[in-house]
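Hi there,

Here is the structure I promised to pass on.

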Amino acid sequence: MTPGWVLHRRPYRETGALVDVLTAEGRQRGVVRGQAKTAQLVAFMPLLIEWGPVRDLRAINRLEPLGPSITLTGNALLCGLYINELCVRLLPQDEACPGLMADYGRTLLALASGDPQPILRRFEASLLNQLGFDFSVAHTSNGAPVEDELRYWVHPESGPRLAPPGARDAPFGRDLKRVQQQAFEDPTTLNLAKRLNRARLNALLGDKPLQSRLLIQGVSQ
């Protein structure tokens, strides 16, 4: 049986559910048939999953709790829905991601009791790294080393490039390095990480907005 987490479910025929789950083997999709098994598809609960034979629509034959459900309420719940939606929208199906699987569980536990902003920034970085969409700040897109006292624009796909003189909105190289180090104790670094991650995620998501992000924005107004 395979450990996994439910990312999303939707009704399938009369008593079933079509479900996306996150496992070490990647985002996998299957169908659960019957009300009893469908009721076991609890968000934020680690599960053991027994898969049926590989077909166009793979069956999930059996589900067992691997531990208690992680209780998320209020803003933490919206953040949990946000990372689930990111995984469903961006992760290719059946592409192994053992590191992300472990980070997902740690992120849920942290959301249950911690400040969500640095927690989300770390998970976004882990997801972008899994997607091959991360970059190092050690060098610009032209191969030149990033200097602490110079300012840089950051392209969402290719990374830092030297900003022209007077570009006051461009971050310093030292700030980019702090983002890379995830030194989120500094609010300036945390806000910059949010901006950089948002630009890269938006480039992957396209024009369709995240429903969970809209909910979070509505609550924060």
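In what order do the strands of the open sheet come, and with which pairing? Keeping in mind that this is a predicted model, the order is β3-β2-β1-β4-β5, and the 5 strands pair in an antiparallel way. The edges are β3 (26-32) and β5 (60-65), each of which pairs on one side only. On average, neighbouring strands are turned by 35° against each other, ignoring direction.

Next, the helices. Helix α2 packs on the sheet, where it touches β1 (2-12), β2 (16-23) and β3, and its direction makes about 85° with that of β1. Helix α3 (residues 98-111) lies across β1 and β2, at about 75° to β1.

Helix α2 (residues 74-90) also meets helix α4 (residues 116-130): their axes come within 11 Å and cross at roughly 10°. The two are therefore roughly parallel to each other. Among the residues making this contact are Cys 79, Tyr 82 and Cys 87 of α2, and Leu 120 and Phe 123 of α4. By type, the contact residues divide into 10 nonpolar, 1 polar and 1 charged.

For Cys 79, the nearest cysteine sulfur is that of Cys 87, 14 Å away. The sulfur of Cys 87 has its closest cysteine sulfur in Cys 97, at 7.6 Å, which is too far for a bond. Cys 79 counts as buried because its relative accessibility is 2%, and Cys 87 is buried too, at 0%.

Best wishes

Note on methods:
Residues are numbered from 1 along each chain as its sequence is written. This is a predicted model: local features need pLDDT of at least 70, side-chain atom pairs count only at pLDDT 80 or more; totals for chains, interfaces and linings use all residues. Side-chain values use heavy atoms; hydrogens and water are left out. Axes are lines fitted to C-alpha atoms, for helices over the stretch in contact, and angles run from 0 to 180 degrees between N-to-C directions. Helices (H or I, at least four residues) and strands (E, at least two) are DSSP runs, numbered from the N terminus. Angles under 35 degrees count as roughly parallel, over 145 as roughly antiparallel, 65 to 115 as roughly perpendicular and the rest as oblique. Contact means heavy atoms within 4.5 Å. Ala, Val, Leu, Ile, Met, Phe, Trp, Tyr, Cys and Pro count as nonpolar, Asp, Glu, Lys and Arg as charged, and the others, Gly among them, as polar. A disulfide is a pair of cysteine sulfur atoms within 2.5 Å. Buried means under 20% relative accessible area, exposed over 50%, partly exposed in between (1.4 Å probe, protein chains only). Two strands pair if DSSP finds at least two bridges between them.
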